[in-house]
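Subject: Handing over the structure

Hello,

Here is the structure I promised to pass on to you. Please open it alongside this email, and I will walk you through what turned up.

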Amino acid sequence: MEFVVSSFLNGLIYGLLLFMVSAGLTLIFGMMGVLNFAHGSFYMLGAYMGYFLSSRIGFIPALFGAGIIVGIVGMLCERFLLQPVHREGHAHELLVTFGLLFVFDEIVKIVFGQFAMNYAVPADLNFEVFRLGNFGYPFYRLFIGIVAAALFFGLYVLVRYTRAGLIVRAAVQRPLMVQVLGHNVPLVFMIVFACGAAMAGIAGAIAGALLTTSPTMARDIGTLVFVIVVIGGLGSVSGALVASLLIGVFSTFAIGLDWTIADGLAWFGLRSVAQQIGGLLVTPLSTMAGVLPFVLMLVVLLVRPAGLLGDRA
Amino acid sequence: MTKTVLQTAQLKKAFGPIEIIRGVDLEVCEGERHALIGPNGAGKSTMFELLSASIAPTSGDILLFGQSILGLSPANVNRRGLGRSFQITSVFPGMTVTENLRLGVFARRGIRFDAMHISSRLSDVNEEVEKLMTTVRLQDRRNTHASDLPYSEQRALELALTLTTDPQLLLLDEPTAGMSRQEAEHTVELIQRVTDGRTLLIVEHDMEVVFTLCNRISVLVYGQVIATGEPQAIRKNADVQTAYLGIDTQ
Amino acid sequence: MSMAVGGEPAVATVGFRRRGLFWLAGLVAVVALVALPGCLSPKGVHYAIRLLIAALYAMAFNVLWSQARLLSFGQAAPFGIGAFSVLHLMRLFEDAQLSFPTPLLPVAGILAGIVVGVLVGLFATIRTGTYFSMITLAMTELLGVLARRWNSAFGGETGLSSMRMPWAGLSFGNFYEVYYVVLFWCLLGLGILWFLKLTPFGNIAAAVGNNERRLEFLGFNTRILKTQIVTVSFAVAGLAGGLLAFTTENASYELFSGYTSAEPIIQSFFGGVGTFLGPALGAAILSLFGLVLSDVTRIWLLYQGILFILVIILLPIGVGGAIAALSSGRVPWAKMGPWLAAVGCGLLLLFAGTTLISELAYRFFQASNLKETLDILGLSIAVTSISAWIFGIVAASIGLIIVLKGERRIREFWASARQMP
C-alpha cells in the first residue's frame, strides 16, 4: 500500500517536473515547427547554474538566477543562431539545435568536469512532511510539485488572460498574419523561446539537487521530453501536462515492479515455456521502464498522430 | 442517348457542424463542356475535392463512368480516366518542363518502378513529351525550371500535366485565374483544342470564358445546384440573377 | 567539378564540355582512391576505410531527404542490422568446411537493409513530416533496447565478434585488402545511386518530395513509392553497416544509438543535400575532422559542434553546394570577393580565439594545479596568463563581429547561387 501511494506521489511529481521542461518544448514546436534538440541542454544548464549559485547566493535566489541566466542564453541562441536559418526550413533549424546540444555538453564538461556534481538538497528544505508507514515523505519533493504547479498556473493565466498571451497564441498559429498586423513577431519568438528555456532551467535547478547533476542530464531527459511532447500533441501545452503526468506515474510504477511477460503468461499456464525462451519475456518491467514511453509514442503515432490533445493531424 | 460520364447523387459534405455541400445532383454527359459557376463560398472547390476523391463525402454517391468512386484514392480515380488541374498552380517546381511532362507520360504508360532504363533514352516517351509540349506551345521552354516560368506558361504546363494521363474527363479549376484578357483568350483557345473529344468540367469566375467555352452550365449556390442548362437559359434565369449577380428581379 | 545545384539532375542543362570534365574528374577521383593506400600508413588506411563507410552511410540518408523530403531519425536501424547480419554470416563460416567468398560478405548487409526497409517503410510512411521522423526514432530506440537484451542475436552488452576468413589466396588479415573490398562496394553503391537518378524510378522518386499531391493526382501510389525509397536508402545503409562489421570484425547494441542515427543527417547537411556528392563530402570532412582532432585535444566535440553550427548558418547549401556555386562561373567576384574574404578572415579569428580560450579554460578548470601550460604552435602558454586570455577573447570577439556583419550578405549570396543552373 505504501508502495502504491508513494509511487503515485513520486510519479505525479516526476510528471510535473517533466512538464516544466516539456511545456517549453511543445510551445517552441508549436511556434516554430521545430523540435529543439537542445532543450535538454537548457535543463542541464539550469542544474549547473543552480549548483553554482546556490552556495553563493542561497538556494531560492539561485533558482531564480538559474532561470534568468538560462532564459537569456535561450534568447541569445534564438536571436543569433536560429533566426538566420528560419528561411532555410525546419531541417536546418533542427540541425542548429543539434549542434547546440554538443556545444553545451562540452562547455559544461570543460568548466565542471565530466563527473556528477555534489549538488544536494539544502538543509532547511530537507525535512519530512508526513509519514507513510515506515518512511517519511520528503518535503523537497512536494516543493518540486508546488513550484511546477505554480509555473503552470502562471503560464496558463499569462497565456489565456493577458494581451501578450493573446499575441503569443496568435503568433503560434499564424505568424505571418500577426506580423502584418504590426506586431514584432521575431521578438515574440525570442521571448517564447526564452521563457521555454527559463522554465527548463528552473526545472533543472530544482531537480538537479534531488537527482544527479551531470553532463548526461541533457540527453537523458531530452529524448523523454520529445516523447512526451509527441504523445501529448505537438504544440499543446495541456497535452504536455497530461502526457507528462501519465508517463511520470507509469515510469515510476514500472521501476518498482518486477513483473515480466512470463508472469503474465502464467495465466495461460505458459510460464515455463516463456522462461525457456527467455530474452525479452523474462525481462522485468523495471528494466523495460525506459522503453515504455517509446512504445506508447509509437502507438500514438500510428493510431492518432495528433496526440492526446493536439489538433494538427 | 449520350453517355453520362460523371454523376452525383444527393452529394453531401459537412465539415464538422457546417454543411458545405447540401445535396447536389450533378450530371455531366460525354463530350460536354460543362461549367460550374457560383458565388464565392458556394462550395465549388469542395465539389472538385470530392469529385477527384481528395476528400470523402458525408453522404451521397459519385459515379464516374457508371461506377462509384467512394473509398477510392485520388491515384485510383485518376487511373479511371479523371484528370484534374489545380487553382493554385501545382507543378513540380524543382524540375524542368521536360521532366515535369515526362512524369505524366510515365504515369500514363504505367512506367512506375522502372529502374533499368535511362529516362532520356526512352524514345517513345520523349516523343510523347515533345508532342505535349508542342500542343501547349512550351517547346522552347523545355529546359527551363518550372519555377522560372512566367505565370501563364506555368498554367499552360499545369494544363499539359493534367493532359499527360490522357483523361477522358477533365476537371479544370479556374484555369484563367489571374490572367490578362489576352492570356485568358489564349488559354481558352488552348483548352478548346485539347478538350476536343474529351469531356470537360470547369470551375470559372470569368463569365466571358464560360460563355465562349461551354455548352452547359450548373449554378452552385450555398452548396446546392439551383439551376442547370444551356448558357442562354442560365443567363435569363431569374433565380440565378438574384443569387449570383445580386440583381433583384422581383 | 560540375555538380548540378538544386537537387534534381537536370542532365540536359549540363553542357557537353562540362559533362566531359565531370566524367574526367570522376575517373581521376577513382584512380586516386585506388592508389591511396600506397601513400598511407596502416592507421591512415584504417581512417580511409572509415571515411568511405561514413560517406556511403550519409549518401544512404540523403536518398530519403533529397528525394522524398523524409527526415529519417532511424538510419541506425538498417546500419546496425546490416552490421549484425554480416557478422552472423562471418561467424557461420568461421570454422566451417566450406568457405564463403570473403569479399561478398557485405551482401548480407544489403539484404538485411532491404528487409528492414520494407518493414519500417510500410509502417512509417503511414505518416508524413515530423511524425514520420518520430516513428523512425521510436523504432530505432526500441531496437536498441531489444539488442541490449537479446544475447543470442545481438550479443547483449558485449556484442558479437568474428574474423574474416582467408579466401582465394588472400588472408584479409590486414587493412589494405579490406580497403579494396570496402572501396569496391562503396563505388558500386554510389554508382547504383547515381544510375537510379537517371531512371524513371529515380525521376518519379525525385518528384515525391517536390509535390507529392500532384504525383498522386497523376495516378501514382505515393505510399508505395515512399516505401520503395526507404528500402533503397536502407539497403545502402545496411551495406554501410555490413562494411563496418566486415572491417572491425565486431558489432554491439551501441550501433543503434541516437548518435549513429544523427551522424548521417549532420554530415549530409554539412556537405550539402542539394548536390549528389555533398553528403559524401560532408561525411569525409567531418569524419576526418573527428578522427584527427580526437588525437590532438580532449574537447574536439566542442570544435565540431561549433564548426557544424557555423556551416549550417553561413553555408546553408553545405560545403559541396558552396563549391558548386563558386565553380559555376557565374559568381560576381568583384562584388562578392571582398565579402567572402572578410568573412573568411573573421572566421579564422573566431576559430583561433575560441580554440585558445577553450583550451585554456579546459586546463584551467580541470587541472589539478594551476601550473598547467598550453603547448601549442611551439609556444608554451601558462593558463594563468592574462594576456593570453585577453588575446583570445579579443580575437574571438572581433571575428564574431565581422561574421555577424557579413552573414546576411553571404547567405543571400548562396540563396541567389541556388538559382544558377
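A word on terms before the tour: a salt bridge is counted when a side-chain nitrogen of Lys or Arg lies within 4 Å of a carboxyl oxygen of Asp or Glu. Over all chains, the structure holds 22 salt bridges.

Some ground rules for reading the rest. This is a predicted model, in which local features need pLDDT of at least 70 and side-chain atom pairs count only at pLDDT 80 or more, while totals for chains, interfaces and linings use all residues. Residues are numbered from 1 along each chain as its sequence is written, chains are lettered from A and ligands numbered from 1 in the order in which they are written, and side-chain values use heavy atoms, with hydrogens and water left out.

**How the chains meet**

With contact meaning heavy atoms within 4.5 Å, there are 2 pairs of chains in contact, and chains A and C share the most contacts. Chain A and chain B have no contact with each other; their closest C-alpha atoms are 14 Å apart.

**Chain C against chain A**

This interface takes 44 residues from chain C and 46 residues from chain A. Together the two chains bury about 4,000 Å², with 79% of it on carbon and sulfur atoms; buried area here is the accessible area (1.4 Å probe) that two parts lose on being put together, summed over both. Tyr131(C), Met134(C) and Arg149(C) supply 16% of the area that chain C buries against chain A, more than any other three residues.

Between these two chains the count is 0 salt bridges. There are 4 residue pairs in polar contact, both residues being at pLDDT 80 or more. A polar contact is a pair of N or O atoms within 3.5 Å; within protein, one must be able to donate a hydrogen and the other to accept it, and residues adjacent in sequence count only if both atoms are side-chain atoms.

Which helix gives the largest share of the side of chain C that touches chain A? That is α5(C), with 11 residues. Helices and strands are DSSP runs numbered from the N terminus (helices are H or I with at least four residues, strands E with at least two). That side of chain C divides into 32 nonpolar, 4 polar and 8 charged residues. In this scheme Ala, Val, Leu, Ile, Met, Phe, Trp, Tyr, Cys and Pro count as nonpolar, Asp, Glu, Lys and Arg as charged, and the others, Gly among them, as polar.

**Chain B against chain C**

Here 40 residues come from chain B and 29 residues from chain C. The two chains bury about 2,800 Å² between them, 61% of it on carbon and sulfur atoms. This interface has 2 salt bridges, and Glu158(B) and Arg214(C) meet in a salt bridge through their side chains (2.4 Å, N to O). There are also 13 residue pairs in polar contact, both at pLDDT 80 or more. On the side of chain B that touches chain C, α3(B) gives the most, with 6 residues. The residues of that side divide into 17 nonpolar, 15 polar and 8 charged.

Is Asn211(C) buried or exposed? At 13% relative accessibility, Asn211(C) counts as buried, where buried means under 20% relative accessible area, exposed over 50%, and partly exposed in between (1.4 Å probe, protein chains only).

**Salt bridges within chains**

In chain B, the side chains of Arg137(B) and Glu189(B) form a salt bridge (3.8 Å, N to O). Arg137(B) lies in the loop between α4 (123–135) and α5 of chain B and Glu189(B) in helix α6 (residues 181–194), so the pair ties together parts 52 residues apart in sequence. Arg137(B) is exposed, at 53% relative accessibility, whereas Glu189(B) is partly exposed at 30%.

In chain C, Arg411(C) and Glu407(C) meet in a salt bridge (3.0 Å, N to O) between their side chains. They are 4 residues apart in helix α16 of chain C, separated by about one helical turn. Arg411(C) is buried at 8% relative accessibility, and Glu407(C) is buried at 15%.

Enjoy exploring!
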